[in-house]
Amino acid sequence: MIKGNPNINVTIGIIGGGQLGKMMAQSAKRQGYRVAILDPQEDCPASQVSDWHIVSHYNDTKALCELSNCCDVITYEFENVDCQAIIDTIPADKFPQGIKTLRISQDRLLEKEFLKTHGFPVGQYEAVLSKEDLQQAIANIGYPCVLKTTRFGYDGKGQVVLISDEDIQKAETLVSQTICVLEAFVPFEKEVSIMISRNLKGQTSVFPVSENHHIHNILHTTIVPARLPDDVLERVQEIAERIADALQLVGTLGIEFFVTADNQCYVNELAPRPHNSGHYSIEACNMSQFDVSIQAVLQLPMPVIKLYSSVVMINVLGQHVDAVFALKKEKPNWHFHDYGKLESKVNRKMGHVTVLSEDVEETLREIKELEIWE
């Protein structure tokens, strides 16, 4: 007797419809599930590959109830969603990730305090609620330092680097707008990150450590495996597993680190969802960060991650789109990802390219010689 596909009766809801939601939806569809998304933009990236699209804002309780009613489990693609709205509208059994990790990672000060309280290595920091607080914090921390908003900062937005007193006016303007945190500048040699996924049983999937390079505070390239000593890579992985356990993580967490010249590791930031620096995993690993995100929220067993090849991932911003995608005619072994965004803007993430490499240094030279990413 022929029976139907049991997966087809399971619908996964995703709050947010950007590129992360799109790649999560693609993974879910490939695994045989239906997908519904909630996003205010019509024809957003995730809507192009999903079964249903509820066009509404992320904190619209009526829309969240509608999403909950048509889904078996709900997840999210970015951290700036309304925790209280989720509590009010989505039953706990449909939202296995809970709000603990969300709430902590939404507020940079809460995040720092969580890390410090649990003994994880972080740079010196102080809360800044006023201009007076700013002056005292600078006196305590010294220059150079970085002032950051506690909420809604990304890709260099919502922050001011302070090198001297000449930068105080810009910092005071930011403080007058919102609560901030002043962080000591960590003299890092490398920026790295790691992706970890965990289910309710505490089973984890841990990805290789990624080496990240930024231009104007926006991720430019990710190199995997990171070019660091084995003991440093092991320490990053060990810290990641401890953080996931301390959070009682369900779902996926991206953790960014600074690594100093003497190989000290400092946690910089937590991202409670798939991360830009983990996109390489789609082609380079046996399971992608999006695959294991879906498995984690469905409470499926978590796989051991294997890296098939060294890899370089390069972001495609608005100013790069035409030149990069023209390379499809010249680079048949490159993997091109177009997020399907309707409007291309300078410094807006429009896609990425993944290059599996037998010689990372040669691949990096090849990318530089193209003179596209300048």
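The chain exposes about 17000 Å² of surface, and carbon and sulfur atoms supply 48% of that area. Keep in mind that this is a predicted model. Of the 374 residues, 54% count as buried.

**Overall build**

The chain is made up of 12 helices and 17 strands. Its radius of gyration is 21 Å, close to the 21 Å that the globule rule gives for 374 residues, so the chain is as compact as a globular protein of that length. If you want a box around the C-alpha atoms, it comes to roughly 75 × 50 × 40 Å along the principal axes. As for how the chain folds back on itself, take the contacts between residues at least 6 apart in sequence: 61% of them join residues at least 24 apart.

In soluble globular proteins, nonpolar side chains tend to be buried together. Here the largest nonpolar core has 32 residues, and I243, I255, F257 and V267 have the most contacts inside it. Which elements supply at least two residues each to this core? They are α5 (108-117), β9 (188-198), α8 (230-247), β13 (251-260) and β14 (265-271). The biggest giver is α8, with 9 residues.

Leaving aside neighbours within four places in sequence, I255 is in contact with V192, S193, I194, I196, A240, I243, V267, E269 and L270. Apart from this core lies another one, of 19 residues, among them L67, Y76, I86 and I99.

**Strand β12 and its partners**

β12 (218-224) is a mostly covered strand: 7 of its 7 residues are buried. What does β12 pair with? On one hand there is β11 (210-215), joined to β12 by 5 bridges and running antiparallel to it. One of the pairings puts E211 with I223 of β12 as its bridge partner. The hairpin of β11 and β12 has 2 residues between the strands, and H216 takes a positive phi near 55° there. β12 is also joined to β15 by 4 bridges, again with the strands antiparallel. In that pairing, V224 stands opposite V311 in β15.

Most residues other than glycine have a negative phi, and most peptide bonds are trans. The exceptions below may be worth a look before you start a run.

| Site | Feature | Angle |
|---|---|---|
| Y143 and P144 | cis peptide bond | omega about -10° |
| V224 and P225 | cis peptide bond | omega about 0° |
| N263 | positive phi | phi near 65° |
| Q299 | positive phi | phi about 60° |

Where do these sit? P144 is in the loop between α6 (131-141) and β6 (145-149), while P225 is in the loop between β12 and α8. N263 is found in the loop between β13 and β14, and Q299 has its place in the loop between α10 (289-297) and β15 (310-317).

**A buried serine**

S281 belongs to helix α9 (residues 281-284). With a relative accessibility of 0%, S281 counts as buried, because the cut-off for that is under 20%. Not counting residues up to four places away in sequence, S281 touches F207, M287, S288 and Q289.

**Cysteines**

A disulfide is a covalent bond between the sulfur atoms of two cysteines. How many does the structure hold? The count is 0. Take C71, where the nearest cysteine sulfur is that of C70, 3.7 Å away. A disulfide needs the two sulfur atoms within 2.5 Å, so C71 is in none. C71 also counts as buried, because its relative accessibility is 3%. Another cysteine, C285, has a relative accessible area of 6%, so C285 is buried as well.

Notes. Residues numbered from 1 in each chain as written. Predicted model: local features only at pLDDT ≥ 70, side-chain atom pairs only at ≥ 80, totals over all residues. Heavy atoms only, no water. Buried < 20%, exposed > 50% of the residue type's maximum accessible area, 1.4 Å probe, protein only. Core = buried A, V, L, I, M, F, W, Y, C linked by side-chain atoms within 4.5 Å. Contact = heavy atoms within 4.5 Å. Rg over C-alpha atoms; globule rule 2.2 N^0.38 Å. Areas by Shrake-Rupley, 256 points an atom, 1.4 Å probe, with all protein chains shown as cover. Pairing = 2+ DSSP bridges.
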